[in-house]
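Good morning, and thank you for coming.

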Amino acid sequence: MGSQRNLRIGIPSKGRLSEVASELLEAAGLSFRRQSRGLFARVSGLPIDIIFLRTDDIPTLCNEGAIDMGITGSDLVEEAACDVKTRMKLGVGRCRLAICVPDDSDYRSAADLDKKRIATSFPTVTRTYLAAHSATAHLVALSGSVEVMIQLGVADAIVDLVETGSTLAANRLRVLEDIGHYETVLIQNGRGHDPETADRVVRRLEGVVIARDYSSLEYNVPRSKLAQCEKITPGYDSPTINSLEDPKWCSVRVMVRRKDIIDTMEALEAEGASAIIETPILNCRL
Ligand SMILES: Nc1ncnc2c1ncn2[C@@H]1O[C@H](COP(=O)(O)OP(=O)(O)OP(=O)(O)O)[C@@H](O)[C@H]1O
Ligand SMILES: O=P(O)(O)OC[C@H]1O[C@H](OP(=O)(O)OP(=O)(O)O)[C@H](O)[C@@H]1O
Ligand SMILES: [Mg+2]
């Protein structure tokens with residue numbers, strides 16, 4: 001039984017998302033070894049092949065059916081303007097796409113860029129955004145080094161990805177407007193090749209991605225204070241409560257978003273909780 005060929009998952013062959021994608025798949029129990037510069041790798045014990053591709057080709061190749069699923073940036077999915085489904089956000093590679101202008105220019109909004117020249121690797125997204133803001137610009141479509149194009153006299157403004165803003169600062173640019181926020185995603189086309197294996201990949205990645213976002217927190221609390229503490233830590237579903245030898249006390253185990261962990265520990269302590277312990281979660285099924 002089974003499908004005629006293995007499920008194909010396309011992942012970046014190089015660049016910043018290449019390691020991110022491999023690590024996530026490994027953590028989800030999809031183990032494979034890439035021969036140097038190889039295009040394919042077989043996943044051990046599962047009917048899956050990993051195909052190594054350019055990050056920006058992954059949306060198009062998924063839409064065309066060359067791969068069944070792919071890991072890439074949601075910015076590139078939007079730019080490719082094709083009909084693939086986003087199965088899940090992977091919680092990494094977060095960045096935004098922004099219209100940027102020289103620090104010392106007087107532009108105040110996208111509408112001020114009407115009839116100006118804009119350099120970008122995202123012509124489709126840029127054109128759509130400008131049209132919605134009553135501006136039409138001359139777009140210079142480039143595949144990289146967009147930040148230097150103002151200095152080179154090629155453009156008046158650029159549209160590029162921004163994370164920390166250090167590239168902008170180095171080039172004396174500022175953000176005029178944000179176009180959108182993006183992150184690394186798992187995509188799938190609508191052809192439905194081997195849906196059982198595809199869903200299994202999604203469930204496995206979910207386990208890892210959710211686990212990375214949460215910690216497990218355990219604490220002891222007098223039963224009289226339990227209600228207040230449960231308000232602070234409602235948990236992913238609901239907290240697990242265990243009895244302690246002293247009937248006036250109980251122990252609580254709960255999942256807490258990692259970004260909230262310190263504030264939560266402080267709030268619990270202030271309510272009278274003690275022995276508050278954070279432990280990382282490697283994987284989970286909820
Ligand atoms: N500074 C950044 N911070 C976070 N994510 C980013 C950043 N820059 C890019 N990304 C994400 O990574 C994807 C791939 O990045 P990019 O297009 O720069 O290629 P790359 O992997 O860096 O390879 P190259 O060296 O060819 O530029 C982007 O589409 C975006 O989703
Ligand atoms: O706001 P920052 O943290 O500075 O990040 C933004 C920069 O990151 C990306 O470039 P990348 O590092 O991939 O270099 P590249 O231009 O060689 O692709 C992007 O194209 C920006 O230039
Ligand atoms: Mg890059």
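Let me start with a distance: the centres of domain 2 and domain 3, taken over C-alpha atoms, lie 47 Å apart. The protein chain is divided into domain 1 (7–91 + 184–193), domain 2 (95–182) and domain 3 (214–280), with bounds that come from an automatic or database domain assignment.

Two remarks on conventions. This is a predicted model, in which local features need pLDDT of at least 70 and side-chain atom pairs count only at pLDDT 80 or more, while totals for chains, interfaces and linings use all residues. Residues are numbered from 1 along each chain as its sequence is written, and chains are lettered from A and ligands numbered from 1 in the order in which they are written.

On overall dimensions, the radius of gyration of the protein chain is 24 Å, whereas a compact globule of 286 residues would have one near 19 Å; the radius is taken over C-alpha atoms, and the globule rule is 2.2 Å times the number of residues to the power 0.38. Along the principal axes, the C-alpha atoms fill a box of roughly 75 × 60 × 35 Å.

The protein chain contains eight helices and 15 strands. These are DSSP runs numbered from the N terminus, helices being H or I of at least four residues and strands E of at least two.

Turning to strand pairing, which requires at least two DSSP bridges between two strands: strand 7 (residues 117–120) runs parallel to strand 8 (residues 138–141), joined by four bridges. Between them the chain passes through helix 4 (residues 123–132) in a right-handed β-α-β crossover; that is, with the strands pointing away from the viewer, the path from the first strand over the helix to the second runs clockwise. Strand 7 also pairs in the parallel sense with strand 9 (residues 157–162), over three bridges, and there Ala119 has Ile158 as its bridge partner.

Which element gives the largest share of the shell around ligand 2? Strand 9 does, with three residues. The residues around ligand 2 include Arg16, Gly144, Asp160 and Thr167, where a residue counts as near if its C-beta atom, placed from the backbone, lies within 6 Å.

Finally, a backbone detail. Ala275, in strand 15 (residues 274–280), has a positive phi of about 50° although it is not a glycine. Ala275 counts as exposed because it has 10 C-beta neighbours inside 10 Å; the cut-offs are 12 or fewer for exposed and 20 or more for buried, with partly exposed in between, and C-beta atoms placed from the backbone.
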